Amino acid sequence: MCDNSSAASTSPGDCSALGSDMHRLMQRLFPICRSITGNGVRETLNILAKYFPLKVCEVPSGTPVFDWHVPREWNIREAYIENEKGQRIIDFRKCNLHVVGYSAAVNAWMSLGDLQDHLYSLEDQPDAIPYVTSYYKERWGFCMCHNERQKLPEGRYHVVIDSDLKDGHLTYGECIIPGATEKEVFLSTYVCHPSMANNELSGPVVLTYIAKWLMSQPRRHTYRLIFIPETIGSITYLSLNLDALKTQVVVGFNLSCIGDDRAYGFVASPYGNTLADRIAETVLQHTCERHIVHPFLDRGSDERQYCSPGVDLPLVTLCRSKYGTYPEYHTSLDDLDLVTPTGLLGGYNYVKQCIEAAEANAIYRITCCGEPQLGKRGLYPSISTKTSGASVASMMDLITYADGTNDLIAISKLVGRPVWELNEIALRLKDAGLLKEVEKGSLTRASTLQ
Amino acid sequence: MCDNSSAASTSPGDCSALGSDMHRLMQRLFPICRSITGNGVRETLNILAKYFPLKVCEVPSGTPVFDWHVPREWNIREAYIENEKGQRIIDFRKCNLHVVGYSAAVNAWMSLGDLQDHLYSLEDQPDAIPYVTSYYKERWGFCMCHNERQKLPEGRYHVVIDSDLKDGHLTYGECIIPGATEKEVFLSTYVCHPSMANNELSGPVVLTYIAKWLMSQPRRHTYRLIFIPETIGSITYLSLNLDALKTQVVVGFNLSCIGDDRAYGFVASPYGNTLADRIAETVLQHTCERHIVHPFLDRGSDERQYCSPGVDLPLVTLCRSKYGTYPEYHTSLDDLDLVTPTGLLGGYNYVKQCIEAAEANAIYRITCCGEPQLGKRGLYPSISTKTSGASVASMMDLITYADGTNDLIAISKLVGRPVWELNEIALRLKDAGLLKEVEKGSLTRASTLQ
Amino acid sequence: MCDNSSAASTSPGDCSALGSDMHRLMQRLFPICRSITGNGVRETLNILAKYFPLKVCEVPSGTPVFDWHVPREWNIREAYIENEKGQRIIDFRKCNLHVVGYSAAVNAWMSLGDLQDHLYSLEDQPDAIPYVTSYYKERWGFCMCHNERQKLPEGRYHVVIDSDLKDGHLTYGECIIPGATEKEVFLSTYVCHPSMANNELSGPVVLTYIAKWLMSQPRRHTYRLIFIPETIGSITYLSLNLDALKTQVVVGFNLSCIGDDRAYGFVASPYGNTLADRIAETVLQHTCERHIVHPFLDRGSDERQYCSPGVDLPLVTLCRSKYGTYPEYHTSLDDLDLVTPTGLLGGYNYVKQCIEAAEANAIYRITCCGEPQLGKRGLYPSISTKTSGASVASMMDLITYADGTNDLIAISKLVGRPVWELNEIALRLKDAGLLKEVEKGSLTRASTLQ
C-alpha cells in the first residue's frame, strides 16, 4: 500500500489538518472562472499570494513567444441561454464550464436547430458538462449535460454571452526561494482551468503548500515555482527565461492532477533518463508498491514544452490519476468530491519526498582504502555472530558503492534501500570523516547516472 | 497477418500481374544448369540483362581473391547412367540436380557396388534428389531419389559425365543505378544454383524486378546491384571493390530464399546493430506480426562474406523461408510450386519497403523552441475537446523526438509508428519550415542509432 | 549435472586420488586452533609450506594498515569449565570452537547465573557449537550446544581460559609463481578459522593443490597466492602491496567454502563486470547447469576488501555452498563429513578451469578479408551437403567474431561454445596463420568486454 498520505516526517495530526487546509483553499478557488488569460487567473494568483510571496507578472498580448504570440485577453461577465418564456436553461453563473472557453460575445435569438451547432455534450457521459475551449479560432458555444440537451424542446432561444477578447495580458505567478546554491529545482503548475478540481486546482493548491514548507526548511537548492496558464504560459515563461532555466535547473517537476485518492505516477521525460525520472522513480518505488510510469508518449501537460527539443529541462510531471486516465477528466465531474483532503495530502507528500530526494542526492566517496573500521567508531557490533552483520548491512552497502561514481539515488537502486535511509547513514558517515562529498553541488544536469 | 503481398503503394491488379511476371521469369530460368562458373551463369545473366542494364563481368580462373583463387570453369554437356540394356536410369537432361556440381568427366562401366560410392541420396527424403557439389576437390557423382536408388538391381552400369573443368572465368552481373548522392544501397543475390526455385532463383528474379522499379523512381542513394555466384563470387567481388564498398555503402541487403509463401525474416548482422538490421526490423515489425530474426550464428549465404571482419558491410540477408529451415531446401523439392507468384510478390514488396525506408531515413531537427503552433498552419484542430489530440499524436510525437539525435527509424521505434507514416509527416513539416534535415545525406555507416 | 568433479583434463583415477589427498590434508589441519593471529596460523602455514614454496610473513602488532591497526597476537593454551565435582563440562581440547575467539584470560569460580552471560549457543541448532569471536573488544566466553547448556544444573563453576593477548605479529603466507608475463592472477584464501571445514579449511587446502598444479604448468601469467587471516589479513596485505596489485593483477579469485558437494557459485564483483566475473560465469555456464551468481550485496569474505573503492581489484569469490547459505555454517557441524573428497575435487577443478580460462583468454584478429579458405588447409569438408557445415560451425563462428574487439570469453558468450573448445580451435587457426593475437598480454584490467 502507498503510504504517501502519512509520511513519516509529519505527525498524523498535522497531516490531517494539512489535507483539510488544502481542501479548503481549493474550495475557495474552485468557483473562479479561469482561462489562459483574464481576471480569473489574476484573482486566483492574488489569493495564493496571501500564502507565500508570489510575484504576479503580466505579458502583453501580441508578444512573440517562440513560435507563438501571447493571445488577446478574454474576460466574461455573463452567459446564458433563455427559452421563449424567459427561463434560463443554461447559466454560466451556475457552472462556468457551460461556456466554451474563449467564446466570442453573442446576443441573439435562434431556433433550436441553429443553436445545436453551438452546443457540446458527451453522449457517453450524459450527466457531465464537458470542458471545451477554442483559444485560437473565434467561436462561441455552450456545454451541457447530454441528458438535458436531449430534452430541449423545439422553439427559439435567446443566447447571450457577454465576453470580450481584446488586447491585454497573459498573467502568471512566480516565486523564487533562494537556497545555498544557485542550482535550481524548478516547480511548475497551471492556473488556467475553470471549475475542475483534480485537473487543475490540485496542482496550484499542493504547490502553494509546498512553497510554505520550503520556506521553513534549510535549502541546498534554489527553488523556482511558477503558476502559469498551460501551454501558452509555459511557452511564454520559457521564452522569457530559457537561458536561466537551462543554466540553473538541475531538476524540475510539473504538478498536475495530484489531488485524488486513486493512483501515484509520473510522466517520464522523453528518454526517461533524467534526474527527475530517477527521483520520481525511486520515491515511488519505496513508498508506493503499485505506481504508474507514464511514457512521454502519453504526455499532455506542460512537460510537452519543458521537454521539447532545445528546451530539454530534466523534468517529469508528478501526478496522482493522470489527465486523460480517469473518467471525470475534463468534465464537471472532476469536482471537490473527487479531490479529497487525503488525496491532496498524498500528493503533497509525494512532491515533498521528491524534493527531499533532490536535496539529499549527492555523490560521496569513501575516504579510506578497504573497509573502514567501523567498530572503533561505535558503528559496528563488537561481537561477531552468525547474524551481527545484518544490522549494519545498509551502511556497508552504502560504503561499497560510495566510490565517487554514484549519487545516492544510484546507490539506492544498487542496494535496494530508500534514499532517505541512505541519506541519514551518509550524513553519519560524513560526520565520522569516512565519506566526503565529491563535488560541491554534485547534482548536474549532465548526470546520466542510472 | 503479413500484408507484404498487397503493399499499399501498388494497386491490387498490378500486384497480381507483377507476381505472375516474376514467376514466368523464374520458369524461364529454372531449367538452366548453373554453377559457380560456366555457361549456365552466362545464359542466366544474359536473360536478366533484357530486363535492365546488367553488365556481365568475367574474372579469369586463377585470379587471387583474398584468401582464395578464382576456380577453373566448369561446363557440362551431358550426364547419364545406363544399365546393361542401354536404359538411362538417370539423365542429367531430366534434372540437372542429378549430377554432383563440378563433377569431373567420366565414361566407364562399373558394378553397382562401385557405383554406390558415387551416388548421393537422402534416406529421410526418399523422393527428393539432393543437391550436392564438390567445388574444391575433384570428384564425380550422381544424386538421385533414395527410393529409386534402393531399387537399383545388381549389374553393371555405364556412367557418363561429359564435363570439363579448365581455366576460364568466373562470371557475374553488376548494375549501378546512380542517385542524388554517391552513398550507396548495396543489393546482392546469387546465380549459382541449378534447378532450385526458392534457393536460389527467387533472389535474382526479385532483384531483377527491384532493378526495374528503382530505375523508375527518384533516388536519394546510388544503387549497386550484383548477381554473383555464392561465396567465391562475393569474395571475388569484394576483393575487386572493397574500398568503394567500404567508402560508399550505407546499407546493404543480400536476397536469398525470398519467393515462398511461408515466412518473413532476415539474418541479422554479427552484432545485430547496423542500419540494415534496423531497417529490416522496422519494416517487418509494421508489416508482419510474426517474423523471424535469424541470428548471425544461423548464417549461410553471402552475409558470411559481407559481414566478415575487415569487410564489415552494414548488411543483412532478407529472406522468406530461410535456407536450411524448410524441408525442400537443397533438394529437387525446392521447385516452381514452392515458389509462387504471391510468394515472389511478398518478397518483392519486402525488399521495396526496406529500400523505401532507407530512402526515407533522415535525421531531422525541429526549427523552433517549444512546441510549434501547428494551429496557425492548419495542422492542428482549432477546438480542444477530450479527443482532439489523438489525430495529431503521430505528428507531435515526431516533433518531440526530432531533436537532431534520432533518425526516422529510431523515432519509429520510440513512437511505435511505421517509418513511412513518419516520413510523410516529416515531409509535410519540412515543407512548413518546422523541420530541417540535420545533415545532407544523413545516413552514415557509423550510425549506431538504435 | 555439474561435471566439475570429473574434469576432462584429469583421468578418473587421478581425480579420485586427488580428492582423497586433499581431504587427508584437511584432516591434518582441522584440529589446529587458528585465529586471526597466533601460533595456529603459523602451524597451519608451516604444514602447507611442505607442499609448495610458501613464504611465511609476519607483521608486527600495531602496524597501521589503512583505517586499521594490526591487532595484538592471541594465543591460547587451555580452556575449560569445571563443575563443583571437578568434572570438565566444557573442554577446549575437545573442540576449539568452545572458546570465543580472542577470549581474554580468566580463572574464576562463579554461579551459573553469572556464567550464563558468557555462554553462547544456538536455540535453533541445539546440537551445534556456534563459532563466535570478539576480536576488537576484550571479552571472554564459551560456546556450547544449546541442549547441553539447558541441562546445566545450578551451582558454582570454575572457569579457566589460559590465553594471552599481547604485542606480537599477524602471520600470513605468500607464494609468487612467475609466468611468461608480469601480469598476475591473484589467488587468496584465509587461514583464520578454527575447526571448521568448509569455512574455512576448504579454501587453503584447494589452493595448496592449485599451487602444486600451477608449478607443473606452462604459465602465461604470474601467480600470486596468499593465505591470510580474513579481513585484517587482507587489509594488511593490501596496505603493504596495493600498488603492485593494482598495476599487475589482471584477474583475481578469492576461495572460500569450496569443499562441499552441494552447489557451485561465485560472489560477483560490485558491478558484476570484471574479467573475474566473466571467467567464473563462462566456466560455470558450460560445466554446471544450476549454479548461483551471488550479488555483491551478499558478500562476506575478503571480496569485501579486494573490491572496496580505491582497491577495486577485478576479483570474485569462488565457492561451492557459500558462507551464510548452508545450515552448518559457523558451527561445529561444518566438519569433515560436510567437506568430502569429491567436494574438494569439484572445487579444485572449478578453480583450475577458471585459471585455464584466464590463461586461454586472448583477443584474436583474423588475418585475411572474407572467410578464409579452410578447405585448402584441410580444415573444411571438401564436399558440400545439407549437413557438412555443422562440423565446422564453431570454427567459423570463432573466425566471425575474431575481429580484434572480442576476447575469447566474449566470443564464448556470443557463440555459445565453451572457452576451452574455442581456445583449441584458436590455437589451430593461429598455427595455420589465420589468426593473430592482437596484443601481447591481451588481458588488461581496463577490459570492459562483456
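Author: Let's start with A:Tyr172, which is buried at a relative accessible area of 6%; buried means under 20%, exposed over 50% and partly exposed in between, using a 1.4 Å probe and protein chains only. A:Tyr237 is buried too, at 0%.

Before going on, some ground rules. Residues count from 1 along each chain as its sequence is written, while chains are lettered from A and ligands numbered from 1 in the order in which they are written. The model is predicted, so local features need pLDDT of at least 70 and side-chain atom pairs 80 or more, though totals for chains, interfaces and linings use all residues; side-chain values use heavy atoms, without hydrogens or water.

Now the rings. Searching the whole structure turns up 39 aromatic pairs over all chains. One of them joins A:Trp140 and A:Phe142, edge-to-face at 6.3 Å centre to centre with 75° between the planes. (Rings of Phe, Tyr and Trp, the last by its six-membered ring, pair if their centres lie within 6.5 Å; planes under 30 degrees apart are stacked, over 60 edge-to-face, and the rest tilted.) A:Trp140 is buried at 13%, and A:Phe142 is buried at 0%.

Back to our two tyrosines: the ring centres of A:Tyr172 and A:Tyr237 are 5.4 Å apart and their planes stand at 90°, so this pair is edge-to-face. It bridges distant parts of the chain, since A:Tyr172 belongs to strand 10 (residues 169-177) of chain A and A:Tyr237 to helix 6 (residues 232-248) of chain A, 65 residues apart. Helices (H or I, at least four residues) and strands (E, at least two) are DSSP runs numbered from the N terminus.

Rings also gather in groups: A:Trp68, A:Trp74, A:Tyr102, A:Tyr135 and A:Tyr136 are linked into a cluster by ring pairs. And a ring can have a charge over it: A:Arg320 lies over the face of A:Tyr264, 3.8 Å from the ring centre. For that, NZ of Lys or CZ of Arg must be within 6 Å of the ring centre and within 35 degrees of the ring normal. In chain C, C:Arg320 lies over C:Tyr264, also at 3.8 Å.

One last stop is a pair of strands. Strand 4 (residues 73-82) and strand 9 (residues 156-166) of chain A pair antiparallel over nine bridges; strands pair if DSSP finds at least two bridges between them. A:Ile76 stands opposite A:Ser163 in strand 9 of chain A.
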